[in-house]
Amino acid sequence: MRLIEPDRHEGLSAQRWDERAARRTIETIARDCEDRFSPDDLWPPHPLDAEGEPASAPFTMLYMGAAGVIWAVDSLARRGLARSTEQFAPTLAALEARNLAQVEPWGYGVESFLMGRSGVLLTHYRVRPSREVAERLGQSIAANAEHPSRELLWGAPGTMHAALAMHEWTGEERWAELFRTSAKALEDSLIEGPEGCRLWDQDLYGHRATYLGAGHGFAGNAGAIVRGLALFSSYERAEWIERIVTTALATVTRDGALANWAPSWLPGRPGFLVQWCHGAPGFVTSLATLGDSRLDDVLIAAGELVWTAGPLTKGAGLCHGTAGNGYTFLKLYRRTRDERWLDRARAFAMHAIAQCEQHAATYGMRRYSLYTGDPGVAIYLMQCIDGAHKWPGLDQETPR
């Protein structure tokens with residue numbers, strides 16, 4: 001099938017949904033995160049996150065590292081599925097400097113939401129709010145508005161999520177203004193795409209690209225705009241909706257009842273992935289809350305593609321794993337209220353549990369990472385239990 005690379009996927013396990021097994025796995029992951037924590041060494045880096053290189057220091061960031069683990073455990077604690085995260089407050093106070101020392105030498109910027117300062121600060125504020133942390137976070141968001149990557153991981157779309165979270169938690173107008181300032185910078189950097197649509201190119205890791213997916217491209221940027229639509233004027237809101245819908249429909253590739261998006265907009269270049277960061281899952285998770293009926297058919301076709309492809313062989317995580325793909329079904333359940341999507345999400349949850357346990361046995365440790373490891377899977381399992389759809393850090397949560 002031309003929209004799927006079959007060797008990246010595996011058959012779905014036949015195990016039926018078992019809420020007690022999901023709760024046991026959440027508890028196991030949460031307790032392990034608490035037990036393996038060290039104030040000095042944080043959490044041990046996983047070999048897969050170190051990409052085969054010896055890790056010289058523990059990871060600190062929200063994407064993979066201490067901030068993300070604390071965010072996940074805090075989410076579970078709010079649901080009564082883990083202990084209080086107050087024990088991590090002293091660590092968060094020192095984590096900003098540790099993150100700077102880790103990220104700055106890479107040369108991609110330091111204010112990033114998923115990799116840098118703003119994600120660490122938002123996690124700190126989430127666990128122990130303070131005026132001082134809020135002030136530094138505001139400075140970080142403002143400093144990232146013109147980041148040349150124009151994507152979620154390093155650029156303004158990520159820090160726009162930090163601004164939106166603070167606006168949702170505090171109601172203060174300054175956070176809405178920071179969001180709108182970054183959105184204006186994004187609007188000014190739009191380029192012409194196929195069939196009259198508008199999208200973005202990225203200056204990323206030393207080269208230019210025009211990515212489409214959630215991790216580095218159009219879908220992730222659109223997701224930040226969709227989350228904050230209520231903060232625009234009615235005219236601006238209508239303009240953004242038209243741009244987003246037009247581009248999503250212009251860049252999709254259909255094969256009968258299935259739909260997918262290539263990783264980048266390069267006419268004539270084949271190749272498709274089916275994972276959150278590149279492909280159909282990220283489009284659904286980014287756009288499913290946009291209430292425009294023109295997207296109904298294509299989002300459902302994307303969901304059918306994710307189900308047809310099956311779980312990912314890479315593992316259970318959010319960014320490029322089974323749980324991240326399973327969020328496709330949670331989002332479609334929220335959009336359609338069709339129970340088959342929740343059933344499919346829970347089927348992927350059972351498969352993700354098995355993958356987590358297999359990886360833990362293989363490596364002799366769990367993977368302490370929000371986006372690539374076990375804490376993110378625990379949040380996904382919690383969402384499946386509740387029939388909810390909240391992606392950590394990218395969806396509105398209940399205020400403190």
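**Figure 1. Helix H13 gives the largest share of the lining of the largest cavity, three residues.** The structure shown here and in the views that follow is a predicted model. A search of the whole structure finds three cavities of 30 Å³ or more, and the largest cavity holds about 120 Å³ of space. Its lining is made up of 16 residues. Those nearest the centre of the cavity are Gly315, Ala316, Gly317, Arg367 and Thr372.

Figure 2. At least two lining residues come from each of H6, helix H8 (218–227), helix H10 (280–287) and helix H12 (322–336). Helix H8 gives the most to the lining, with six residues.

**Figure 3. Helix H2 is mostly covered, with 11 of its 13 residues buried.** The distance from the first C-alpha of H2 to the last is 18 Å, close to the 18 Å expected at 1.5 Å a residue. The buried residues are Ala66, Ala67, Gly68, Val69, Ile70, Trp71, Ala72, Val73, Asp74, Ser75 and Leu76. Which elements cover them? The covering includes helix H1 (19–36), helix H3 (89–103), H4, H6 and H14. After H2 comes Gly80, which has a positive phi near 80 degrees.

**Figure 4. Trp71 is a buried residue of helix H2 (residues 66–78).** Is Trp71 buried or exposed, and on what value does the answer rest? The relative accessible area of Trp71 is 1%; a residue counts as buried under 20%, and therefore Trp71 is classed as buried. When residues up to four places away in sequence are not counted, Trp71 touches Leu62, Leu122, Thr123, Arg126, Trp169, Pro392, Gly393 and Glu397. Leu42 is 29 residues from Trp71 along the chain, and the C-alpha atoms of the two residues are separated by 14 Å.

**Figure 5. The buried residues of helix H5 line one face of the helix.** Helix H5 comprises 13 residues, 131–143. At 1.5 Å a residue, H5 should span 18 Å, and its end C-alpha atoms are 19 Å apart, which agrees. Val133, Ala134, Leu137, Gly138, Ser140 and Ile141 are the buried residues of H5. Seen down the helix axis, these buried residues fall within an arc of 165 degrees, so they line one face of H5. An α-helix has 3.6 residues a turn, so residues three or four places apart point the same way. Arg131, Glu132 and Ala143, on the other side of H5, are exposed. The partners against which the buried residues pack are helix H4 (117–127), helix H6 (156–170) and helix H7 (173–188).

**Figure 6. Thr159, in helix H6, makes a polar contact with Asn144.** The contact joins the side chains of the two residues, at 3.2 Å. Thr159 has a relative accessibility of 0% and so counts as buried. Leaving aside neighbours within four places in sequence, Thr159 is in contact with Glu111, Ser112, Phe113, Ser118, Ile141 and Asn144. Among these partners of Thr159 is Ile141, which is also one of the buried residues of H5.

**Figure 7. Tyr205 and Arg337 are residues other than glycine with a positive phi.** Most residues other than glycine have a negative phi. Where does Tyr205 lie? Tyr205 is in the loop between strand E3 (202–204) and strand E4 (207–209), and its phi is near 55 degrees. With a relative accessibility of 39%, Tyr205 counts as partly exposed; this class lies between buried, under 20%, and exposed, over 50%. Arg337 has a phi of about 60 degrees. Arg337 is found in the loop between H12 and helix H13 (339–363).

Definitions and conventions: Residues are numbered from 1 along each chain as its sequence is written. This is a predicted model: local features need pLDDT of at least 70, side-chain atom pairs count only at pLDDT 80 or more; totals for chains, interfaces and linings use all residues. Side-chain values use heavy atoms; hydrogens and water are left out. Helices (H or I, at least four residues) and strands (E, at least two) are DSSP runs, numbered from the N terminus. The expected span of a helix is 1.5 Å times one less than its number of residues. Buried means under 20% relative accessible area, exposed over 50%, partly exposed in between (1.4 Å probe, protein chains only). The arc is that of the directions from the helix axis to the C-beta atoms. Contact means heavy atoms within 4.5 Å. A polar contact is a pair of N or O atoms within 3.5 Å; within protein, one must be able to donate a hydrogen and the other to accept it, and residues adjacent in sequence count only if both atoms are side-chain atoms. On a 1 Å grid over the protein atoms alone, a cavity is a set of points where a 1.4 Å probe fits but cannot get out, and a pocket is an open set with protein on both sides within 12 Å along at least five of seven lines; lining residues have an atom within 4 Å of a point. Grid points are joined across faces, edges and corners, and a volume is the space filled by probe spheres set on the points.
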